[in-house]
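Look at the model before reading on.

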Amino acid sequence: METLLVVIFVIGYLAITLEHNLKIDKLIPALAMMAVMWALMSFGIDGFTTWFDSGAHHLLENFGTFGHEEKMELLEETLLHHLGKTAEILVFLLGAMTIVEIIDYFDGFSTIKSFVKTRSKKKILWIFSFLAFILSAIIDNLTATIVLISILQKIVKDRDVRLWYAGLIIIAANAGGAWSPIGDVTTTMLWIGDKVSTAMLIEHLLVPSLVCMVIPSFIASFLPAFKGQIDVEDEETSKSKFGPTMLYLGLGAIVFVPIFKTITHLPPYVGMMLSLAVVSTFAEIYSSSKFSISNVDQDSDDHAHHSPVHSALTKIELPSILFFLGILMAVASLESLGMLFNFAEGLKQGMPLIGTEMAGTQVSDLVVLLLGVGSAVIDNVPLVAASLGMFSEPLDDQLWHFIAYSAGTGGSMLIIGSAAGVVAMGMEKIDFFWYLKKISWLAFVGFLAGAICYMVMRYLF
């Protein structure tokens, strides 16, 4: 039965990886894989000899001696436990996505366009790289990429030049998301799973992530694509006078979440819900004012009957939420049978030991680097989900910081390797092989430079 479960997981994984070739949204194989794997575990429960009790964090090697009813009860408890941990991540993401959509409702992101005052291609490259690096740490790398490419489309008219900017934005956004607990789904998973703390994550990964962004941008600034000047369109004003206010309020509310967790020791989604409530309150007040004092057109009349919150909720990425649900619960099924722990032990013993010492054992740095390279080929969410089940190192162990960096930045090496890359691919119709030829080597150099920086810092400090 264990072999059948692994085969189903591999088939589902391949379907997710080949999403664009199969023309099937990745949420479909993820949800199907989750349901089928847990169903097979229920049917074959009497044949399993080991079980990981998630509540007690203990591997039950005498599981085979349990009765059928006892096994089924434990399976249901385990399923509920994993659903609860997954729901923490999903509710957190729903809150963050809604706040971002509320900001966009007031056209708050157009405020960012005012930062671009130059016509130099090289200076615009650095402006967008740093904006992507900083913004992705606050509103996550996926949303930051969408926002910045949307602004880029209004500034850079030449699509051939714009593709180069988009490629560097992907690298910078993934690098920026790696050092923030709210910057990438994978770092959020590690943070909510009590594997990393906000302060230590920033302390260990800010500099390596910055190196990962700066090196490719520096090299790219000497390429022909970024020489000369561009024609910058006249600056547009925000459609709403409350746009800048909602931008700063929304970003501040998201940044407040780690502070709330530190003060109250409550799960992050609680703080995110509080932030959403505050932002929504101001949005409702500003929305009423907006429609009562302005001459609205027919489209605005339609919006006037709906609150900004309702409008925002209709635009959030529910397919992504369902994909995360499916893949995280599918990985949880393998963890429940103890398979991931056995795989982790094989990695520890089979790989050459380069470093990362902890708790009397060692995990090769090569394993973590391969995880980063692997995240460029396949989705980094299941890779990190698997690592959560494979390793049992304590909070803020060096292993978790290195995993956060590798999984977060490694996806930049292929355009399909990260959510930021996939959305940029869709927005600008970027060809896979164009990215592979023009951008991948820059991403690889940045990834390697940041990894070396991290390892040097680890040994020095």
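Helix H7 is mostly covered, with 18 of its 20 residues buried (buried is under 20% relative accessible area, exposed over 50%, partly exposed in between; 1.4 Å probe, protein chains only). This is a predicted model, in which local features need pLDDT of at least 70 and side-chain atom pairs count only at pLDDT 80 or more, while totals for chains, interfaces and linings use all residues. Residues are numbered from 1 along each chain as its sequence is written, and side-chain values use heavy atoms, with hydrogens and water left out.

Q: What distance does helix H7 reach from its first C-alpha to its last?
A: H7 covers residues 159-178. Helices here are DSSP runs (H or I, at least four residues), numbered from the N terminus. The expected span is 1.5 Å times one less than the number of residues. That expectation is 28 Å, and the helix comes close to it at 29 Å.

Q: Which residue's side-chain oxygen reaches the backbone nitrogen of Asp160?
A: The contact sits at the start of H7. A polar contact is a pair of N or O atoms within 3.5 Å; within protein, one must be able to donate a hydrogen and the other to accept it, and residues adjacent in sequence count only if both atoms are side-chain atoms. Here the oxygen comes to within 3.0 Å, and it belongs to Asp158.

Q: How many residues apart in sequence are the parts that Arg162 and Glu428 tie together?
A: The two form a salt bridge, with the closest N and O atoms 2.6 Å apart (a side-chain nitrogen of Lys or Arg within 4 Å of a carboxyl oxygen of Asp or Glu). Arg162 lies in helix H7 and Glu428 in helix H19 (residues 419-428), so the tied parts are separated by 266 residues.

Q: Why are Lys85 and Glu88 separated by about one helical turn?
A: Their side chains meet in a salt bridge at 3.9 Å, N to O. Lys85 is partly exposed at 36% relative accessibility. Glu88 is buried at 15%. The separation is about one turn because both lie in helix H4 (residues 68-105), three residues apart.

Q: Which helix gives the most to the nonpolar patch?
A: The patch has about 570 Å² and includes Val6, Leu14 and Ile28. Leu14 lies in helix H1. With three residues, the top contributor is helix H1.

Definitions and conventions. Helix = DSSP H or I, 4+ residues; strand = E, 2+ residues; numbered from the N terminus. Patch = residues over 30% accessible without salt bridge, like charges linked within 9 Å, V, L, I, M, F, W, Y side chains within 5 Å. Areas by Shrake-Rupley, 256 points an atom, 1.4 Å probe, with all protein chains shown as cover.
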